[in-house]
Amino acid sequence: MTRIKRGSIARKRRIKFRLFTSSFHGAHSRLTRTIQQQRIKALVSAHRDRDRKKRDFRGLWISRINAVIGENKKKRDYIFSNLMYNLYKKQLLLNRKILAQIAILKGNCLFMIANETRS
């Protein structure tokens, strides 16, 4: 029986994993077992943080809208939750992202929208 030299397929697989972790430091980019562990950890973190990013942005938009609405000293009682409730009642389809953009670029327009929904 002829001798079969093994390892070419396994080597290709390990090189493929190394390409994924080439930017990692130390053993995390060199040793096969730690490469596997870091790869799993990186993919788990990426999946978790995609959901986290959505939550963070929603909170940021709410903070921006509330800050612009709260600038008006006379109508200090008007807050974000009241604005969203009034928008919902009037059936205006403006989501938090669009309202935050309006708040940053044209704060007066947001005051006008708030006053329209209130009356």
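Reader: Which elements are included in what covers the buried residues of α2?

Author: This is a predicted model, in which local features need pLDDT of at least 70 and side-chain atom pairs count only at pLDDT 80 or more, while totals for chains, interfaces and linings use all residues. Residues are numbered from 1 along each chain as its sequence is written, and side-chain values use heavy atoms, with hydrogens and water left out. Helices are DSSP runs of H or I with at least four residues, numbered from the N terminus; buried means under 20% relative accessible area with a 1.4 Å probe, protein chains only; and contact means heavy atoms within 4.5 Å. Here the cover includes α1 (8-20), α3 (80-89), α4 (96-105) and α5 (107-118), and the buried residues of α2 are Ile35, Gln38, Ile65, Val68, Ile69 and Gly70.

Reader: Does Ser29 count as buried or exposed, and why?

Author: Ser29, in the loop between α1 and α2, counts as buried because its relative accessibility is 15%. A polar contact pairs N or O atoms within 3.5 Å, and within protein one must be able to donate a hydrogen and the other to accept it, while residues adjacent in sequence count only if both atoms are side-chain atoms. A polar atom of the Ser29 side chain lies 3.3 Å from the backbone oxygen of Phe24, and one lies 3.1 Å from that of Gly26.

Note on methods
Buried < 20%, exposed > 50% of the residue type's maximum accessible area, 1.4 Å probe, protein only. Helix = DSSP H or I, 4+ residues; strand = E, 2+ residues; numbered from the N terminus.
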